[in-house]
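Please open the model in your viewer and keep the sequence panel beside it. The stops below each begin with something to select.

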Amino acid sequence: MQRRVFYVISLFSNQLIDVTLKRETELKEALKEYGNFSAEDDSLFEMNLNHSIENELGMIDIFPEANGSYILEKTRVSFYVSEYRKIEKLFSIFYGSVFSLKFNRVFVKWVRYEVTISSLKVADLSELKETLRTLSILLEKVDHLVNLD
């Protein structure tokens, strides 16, 4: 009886690996119009959203969940502002969107804040596409309208 249980677990494990690989390929194919994927590991896809942005402003992270949902965030590669006017401009760009900006004070000899975008969970691939489209537009506005540090 223990052999049967082991066999079923082994079969399930192989099916899970096949489904995971297929899902990763589908994710990359479905999102290729939004940007380029770079280094990846088992649970993370790093994507550069904006083709027109030359810096790391467009770098975001996508975490696929086992239930088919995704978590989207911009925390590993942040951006910086040091003037009150720039902070106001960031708020005006992201105001009313589903994204939450997080400001962390960087302790240097001048006022400086590290800005990240908190985790956002989306239900499925179609919602992820819509969210990426919106985030791409917002980050392009930031790139053009806010002089980042």
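A contact, throughout this tour, means heavy atoms within 4.5 Å. Residues are numbered from 1 along each chain as its sequence is written, and side-chain values use heavy atoms, with hydrogens and water left out.

**Colour by confidence**

Colour the chain by pLDDT, the predictor's confidence in each residue, from 0 to 100. The chain averages a pLDDT of 78, and 76% of the residues score at least 70. Now select residues 1-19, where pLDDT stays under 50 and the model has 0 contacts beyond four places in sequence. Where pLDDT is low, the predicted coordinates should not be read in detail.

**Switch to cartoon**

Helices (H or I, at least four residues) and strands (E, at least two) are DSSP runs, numbered from the N terminus. The chain has 3 helices and 6 strands, and, followed along the sequence, they give the pattern α-β-β-β-β-α-β-β-α.

**Select helix 2 and helix 3**

Show residues 84-94 and 125-145, which are helix 2 and helix 3. Axes are lines fitted to C-alpha atoms, for helices over the stretch in contact, and angles run from 0 to 180 degrees between N-to-C directions; the axes of helix 2 and helix 3 come within 10 Å and cross at roughly 155 degrees. Angles under 35 degrees count as roughly parallel, over 145 as roughly antiparallel, 65 to 115 as roughly perpendicular and the rest as oblique, so helix 2 and helix 3 are roughly antiparallel to each other. On the helix 2 side, display Lys-89, Leu-90, Ile-93 and Phe-94, which make the contact with Leu-135, Leu-138, Leu-139, Lys-141, Val-142 and Leu-145 of helix 3.

**Move to the core**

Buried means under 20% relative accessible area, exposed over 50%, and partly exposed in between (1.4 Å probe, protein chains only). By that criterion, buried residues make up 34% of the 149 residues in the chain. A nonpolar core is a set of buried Ala, Val, Leu, Ile, Met, Phe, Trp, Tyr and Cys residues joined through side-chain atoms within 4.5 Å. Which residues have the most contacts inside the largest nonpolar core? Select Ile-62, Phe-94 and Leu-132, which hold that position in a core of 29 residues. Two or more residues each come from strand 2 (45-48), strand 3 (59-64), strand 4 (70-81), helix 2, strand 6 (113-122) and helix 3, and the largest share, 6 residues, comes from helix 3.

The C-alpha atoms of Val-81 and Val-115, although 34 residues apart along the chain, are separated by 7.4 Å.

Tyr-80, also in strand 4, is partly exposed, with a relative accessible area of 26%. Lastly, select Tyr-84 in helix 2, which counts as exposed at 60% relative accessibility.

How values were computed. Predicted model: local features only at pLDDT ≥ 70, side-chain atom pairs only at ≥ 80, totals over all residues.
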